[in-house]
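Reader: I'd like to go through this structure with you. Can we take it piece by piece?

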Amino acid sequence: MSGTHLILNIEGQNAIATLVRTSGSSPAAQTIGSVTNALHAPRSDWRAIAEQVNARTLVSLVVPTEWCASREAPIEPRDWARSENAIRELVDSTFPFSSSEAHVSLIVLDAHTTSPRTLIVGAARARIEPWLDAIPTNLAAGAIRAVPEAAGLLGLGAQHDDACVIVDPNPAVGASMHRFERGSLVSVGEPFDSDEVEDVRALGGRVMVLERGVEVPIAGETVSRVSFAAGTAMEPLAAPGAVRPFVGERSRQARPMLVPAGMLAAAIALVIAGVWYESQRYSGALERVASRRAALADSVADVTAERDAALRARDTLEGEVAPTIDGWRPILPTLREALDALPDDGFAYRVRLDARRVEMSGEAPRAAEVLERLDASNAFTSAEQTQPISTVPIRELETFAVRAERTEATP
């Protein structure tokens with residue numbers, strides 16, 4: 001797709017020309033001229049641009065967003081040719097002009113998923129055709145195509161990012177944003193939401209801002225007008241088959257006396273389309289929010305079930321486990337009382353302490369002294385020998401095996 005491309009942007013009644021030379025994936029772009037009141041300008045005003053193009057130059061006429069109406073449809077790109085009637089019906093039923101009065105472009109959304117969708121973009125034929133006629137009249141160029149501004153998004157390299165949001169502070173239609181996810185363009189013209197943009201940035205996503213000559217409410221990589229024009233030229237290479245240029249029935253040549261009426265109809269269509277575009281943009285956003293909410297319904301149900309299970313566990317802990325724990329008595333102070341019953345020269349073989357009693361066995365200079373000390377303790381009562389006393393001659397000590405009940409005074 002190397003070669004020379006002329007990108008012609010429409011700003012009001014003026015034409016801005018950017019020449020893009022592509023070689024592989026490295027475009028070189030520069031603005032080569034502009035024409036004021038381009039549709040009525042003499043050929044001499046086009047001369048600076050005409051000198052830079054030839055019969056091999058591909059011309060892309062970029063149709064302004066404010067001229068367009070758009071609608072998403074669950075149509076896969078492979079079905080475009082078979083869906084002409086469905087597309088016409090959608091344009092007739094939802095756009096502010098009929099399909100016979102429109103030129104229609106198609107853009108692939110979710111291209112890298114198993115269920116790609118189509119963004120249908122329409123513009124009034126009366127707006128586009130005068131420009132398509134003016135180009136061959138004033139330029140000896142090659143092929144001519146008309147594409148929506150959104151086509152340029154596909155040539156900016158966002159396909160290489162896991163997530164990217166491109167903010168468009170277009171003063172004609174209000175700030176909007178376009179989103180890429182996992183290499184696919186997933187939405188075009190969503191209402192600008194600074195929180196959503198910052199969420200993308202916080203997750204390591206890329207934020208770009210189109211240069212429109214107005215103050216931008218958020219920081220990001222600036223995409224100059226020349227860079228965006230280069231993106232339009234690179235779109236067929238970066239996303240082959242993702243955009244079908246505007247096509248539509250060409251009207252028969254109007255008689256001179258009908259030209260003013262045609263211009264008036266075009267102006268009316270532009271006003272209607274602008275109002276419709278703003279309404280449709282928010283309508284599409286609401287539909288996407290509803291779709292996401294439905295997708296989250298199962299997750300919300302799972303979280304609700306886990307919350308209910310946690311509440312039941314808390315009630316069990318508070319109603320059953322807590323009273324039991326509250327009835328427990330500390331064991332270490334009682335164990336210390338038991339071991340204090342041993343004389344300094346004595347030691348224990350074994351100590352068993354439970355909620356009701358203590359049992360100890362060991363050696364002491366006088367076994368009866370262990371029994372006496374247990375009886376004197378506030379922690380125990382009813383101390384008794386459980387085995388006969390014997391002597392260990394080698395250590396000159398007596399063996400003992402005693403048992404005592406724990407008292408109510410035990411803390």
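Reader: Which residue stands opposite L106 in β14?
Author: R244 stands opposite L106 in β14. Strands here are DSSP runs of E with at least two residues, and helices are runs of H or I with at least four, numbered from the N terminus. This is a predicted model: local features need pLDDT of at least 70, side-chain atom pairs count only at pLDDT 80 or more, and totals for chains, interfaces and linings use all residues. Residues are numbered from 1 along each chain as its sequence is written, and side-chain values use heavy atoms, with hydrogens and water left out.

Reader: How many bridges join β6 to β14?
Author: Three, and the two strands run antiparallel. Two strands count as paired if DSSP finds at least two bridges between them.

Reader: What sheet is that part of?
Author: An open sheet of four strands, in the order β5-β7-β6-β14, with antiparallel pairing. β5 (68-73) and β14 (243-247) each have a single partner strand, so one side of each has no neighbour in the sheet. On average, neighbouring strands are turned by 15° against each other, direction ignored.

Reader: Which helix lies across β6, β7 and β14?
Author: Helix α3, residues 125-138. α3 runs at about 75° to β7 (117-124). Axes are lines fitted to C-alpha atoms, for helices over the stretch in contact, and angles run from 0 to 180 degrees between N-to-C directions. Contact means heavy atoms within 4.5 Å.

Reader: New topic. What does β1 pair with?
Author: Among its partners is β2: β1 (residues 3-11) and β2 (residues 14-23) are antiparallel over nine bridges. They form a hairpin with two residues between them, and G12 in the turn has a positive phi of about 70°. β1 also pairs with β4 (residues 58-63), in the parallel sense over five bridges.

Reader: Where does I7 sit in all that?
Author: I7 stands opposite T18 in β2. In β4, its bridge partner is S60.

Reader: And the core? Which residues touch the most other members?
Author: L6, W46 and I120, in the largest nonpolar core, which has 65 residues. Such a core is a set of buried Ala, Val, Leu, Ile, Met, Phe, Trp, Tyr and Cys residues joined through side-chain atoms within 4.5 Å. Buried means under 20% relative accessible area, exposed over 50%, and partly exposed in between (1.4 Å probe, protein chains only). Strand β6 (residues 102-109) gives this core its largest share, six residues.

Reader: What does L6 touch?
Author: Leaving aside neighbours within four places in sequence, the contacts of L6 include A17, L19, I32, I49, V53 and L139.

Reader: Are F95 and F97 buried or exposed?
Author: Both are buried.

Reader: What about β9 and β12?
Author: β9 (residues 163-168) and β12 (residues 206-210) run parallel, joined by four bridges. V167 stands opposite V209 in β12. They belong to an open, mixed sheet of five strands, in the order β11-β10-β9-β12-β13.

Reader: Last one. How many helices and strands in the chain?
Author: Eight helices and 19 strands. Of the 411 residues in the chain, 43% are buried.
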